[in-house]
Amino acid sequence: MAEIEREAMEYDVVIVGAGPAGLSAAIRLKQLDADLQVVVLEKGSEVGAHILSGAVLDPCGLNAVIPDWKEKGAPLNVEVKEDNFYMLGEAGHVRIPNFPMPPLMNNHGNYIVSMGNVCRWMAEQAEEMGVEIFPGMACSELVYGDKGEVKGVVAGEFGKNPDGTPGPAYEPGMELHGKYVFLGEGVRGSLSKEVIAKFGLSDGKEPQKYGVGMKEIWEIDPAKHKEGTVTHTMGWPLGSNAGGGSFIYHLDNNQVYVGFVVHLNYKNPHLFPYMEFQRFKHHPVVAELLKGGKRVAYGARAITEGGWQSMPKLVAPGVALLGCSAGMVNVPRIKGNHNAMLSGKAAAEAAYEAIKAERSGDELAAYETDVRDGAIGKDLKMVRNVKPMWSKWGLTASLALGGLDMWTNNLLGFSFFGTLGHGKNDAEATEEASKHKPIDYPKPDGVLSFDRLTNVSFSMTNHEESQPCHLRLGNEDTPVRVNLPKFAEPAQRYCPAGVYEVVEKDGQPEFVINFQNCVHCKTCDIKDPSQNITWTTPQGGDGPNYPNM
Ligand SMILES: Cc1cc2nc3c(=O)[nH]c(=O)nc-3n(C[C@H](O)[C@H](O)[C@H](O)COP(=O)(O)OP(=O)(O)OC[C@H]3O[C@@H](n4cnc5c(N)ncnc54)[C@H](O)[C@@H]3O)c2cc1C
């Protein structure tokens with residue numbers, strides 16, 4: 001194919017992703033210097049369309065970026081009033097009292113929000129300050145400068161044929177160049193993955209770890225709705241098969257976020273995270289709450305869980321990784337939005353100083369220092385052993401030891417355990433199917449539990465079918481030749497959107513990718529045991545269209 005010519009636009013800072021990290025960076029840059037040229041590019045059809053947090057928001061990040069958010073009408077309307085933690089058995093539950101929990105686990109002072117709506121509101125604030133925000137613009141490639149530095153991105157390429165050649169309505173997109181490029185793509189960002197590999201940013205770090213989070217919004221019987229109530233559960237149905245747990249957050253308007261996270265380091269390839277979630281809703285505690293209600297939305301997204309020891313180096317020439325592109329989730333709190341915002345602010349401050357000093361295209365070392373030595377580092381360091389303890393010793397031991405570790409870190413500033421490693425990455429953790437028993441999941445009843453494709457229709461996902469499949473296989477035959485006999489091809493189960501199927505064609509198994517269903521969770525890119533699937537950006541505007549997730 002002939003070299004594609006593209007127009008280029010010049011900015012001071014180019015920001016990929018209108019999540020809390022990217023938008024905080026844009027706002028902070030404009031606060032520091034209203035004349036800076038700042039652009040934010042977002043692959044969702046609108047800001048918020050691809051945002052899927054629980055979410056209980058710790059407002060410390062927003063306080064730092066927009067201290068007068070209350071006066072400005074930010075959609076933080078539901079303060080947490082009640083915090084419950086249950087250990088579930090198959091039919092019963094035990095409430096864990098709040099007093100042994102370290103203070104950092106307390107949700108009082110936090111807000112139950114639609115993070116999609118918070119991002120929509122932040123985008124309005126940014127635009128009022130002069131930030132250019134382009135939704136529907138997927139950044140598909142990085143642009144490198146003469147010295148190998150990242151100098152921009154390609155965004156807005158549309159209209160390719162399924163084989164990748166330009167179609168009749170082909171638009172090549174633009175190059176957007178910046179003195180600095182910020183990657184705020186969230187978990188397992190495709191450009192971030194390239195930058196991390198190219199510049200060796202994860203060298204010497206522990207592997208990044210992940211979970212897959214699935215979430216439904218329910219409208220429930222007003223008599224059962226308790227605005228401001230936060231409930232977390234562990235135990236059933238996962239038991240010893242996998243780490244993870246649920247969250248149930250009562251927001252306003254009789255709505256409840258019901259979500260379930262499965263740690264992706266599970267060994268048994270027969271495990272079916274989506275069906276674990278569906279089964280969970282039949283627990284008496286949950287079923288009673290949801291009975292008579294209706295599910296109004298569904299979505300899924302991976303979540304970073306590696307924490308402090310997995311965070312890559314954050315900067316390379318011309319580029320910085322923000323928020324969950326670098327994995328800034330505090331795992332026991334299931335919170336990353338506050339750190340995403342703080343990281344955006346810190347990156348903006350470092351870039352502002354650099355640009356003022358007429359620098360460009362170099363490493364923003366001040367950003368790295370701010371994250372590691374500041375509030376984000378403190379937040380992540382304190383809980384760094386919880387995830388490895390859970391992976392190594394299981395739920396019960398990790399609750400006791402992890403709790404102790406968080407207390408000693410909190411009160412004394414040290415850990416008896418030092419810093420524990422994670423060991424294998426999540427793909428390597430998958431064991432051969434022959435070592436494990438298949439799991440028998442009850443059929444969804446269509447009332448409390450739903451089949452995957454019905455639920456995907458509640459994510460309003462859409463992909464133009466005539467484009468190349470954005471889920472790229474390294475080797476076309478690996479799914480059937482390797483993954484099927486060895487791992488019972490787990491893509492059929494780990495994908496929460498039913499993208500992957502093994503069907504029979506002419507008496508032979510065939511691997512099918514229904515990329516139109518993809519909700520951009522990135523689980524396949526993470527969990528495929530052969531690491532043969534690469535998630536790339538489809539054309540802009542495609543993917544889910546979450547309402548108020
Ligand atoms: C199920 C679940 C529950 C969670 N619950 C909570 C919670 O209760 N509280 C909390 O604080 N945190 C929670 N988190 C974590 C939180 O979602 C993340 O920490 C947070 O979203 C990170 O923000 P971010 O800006 O880095 O990335 P994101 O919020 O993921 O935003 C990234 C944006 O970049 C866009 N993008 C990505 N790649 C490209 C590209 N190449 N081109 C253009 N645009 C692109 C995406 O579409 C998206 O809009 C939860 C996560 C999950 C999965």
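Reply: Let us begin with the names: helices and strands are runs assigned by DSSP and numbered from the N terminus, and a residue belongs to the lining of a pocket if it has an atom within 4 Å of one of the pocket's points. The model before you is predicted.

Me: Which element gives the most to the lining of the largest pocket?

Reply: The general idea is that rolling a probe the size of a water molecule over the atoms shows where empty space is left. Here the largest pocket has a volume of about 770 Å³, and among the residues closest to its centre are Phe85, Met101 and Pro332. The element that gives the most to this lining is α10, with 8 residues, and the lining as a whole divides into 19 nonpolar, 15 polar and 4 charged residues.

Me: What is the volume of the second largest pocket, and which residues lie nearest its centre?

Reply: The second largest pocket has a volume of about 650 Å³, and Asn265, Lys267, Trp390, Ser391 and Lys392 lie nearest its centre. Its lining divides into 7 nonpolar, 15 polar and 5 charged residues, with the largest share, 6 residues, coming from α10.

Me: Where does the ligand sit?

Reply: The ligand sits in the largest cavity, where a cavity is a space in which the probe fits but cannot get out. An oxygen atom of the ligand is 2.9 Å from a polar backbone atom of Cys324, and the protein buries 97% of the 1000 Å² that the ligand exposes when taken alone.

Note on methods. Residues numbered from 1 in each chain as written. Predicted model: local features only at pLDDT ≥ 70, side-chain atom pairs only at ≥ 80, totals over all residues. Heavy atoms only, no water. Polar contact = N/O pair within 3.5 Å; in protein donor to acceptor, adjacent residues only side chain to side chain. Areas by Shrake-Rupley, 256 points an atom, 1.4 Å probe, with all protein chains shown as cover. 1 Å grid on protein atoms, 1.4 Å probe; cavity = no way out; pocket = protein on both sides within 12 Å on 5 of 7 lines; lining within 4 Å. Sits in = over half its atoms within 2 Å of the grid points. Points joined across faces, edges and corners; volume = space filled by probe spheres on them. Helix = DSSP H or I, 4+ residues; strand = E, 2+ residues; numbered from the N terminus. Nonpolar A, V, L, I, M, F, W, Y, C, P; charged D, E, K, R; others polar.
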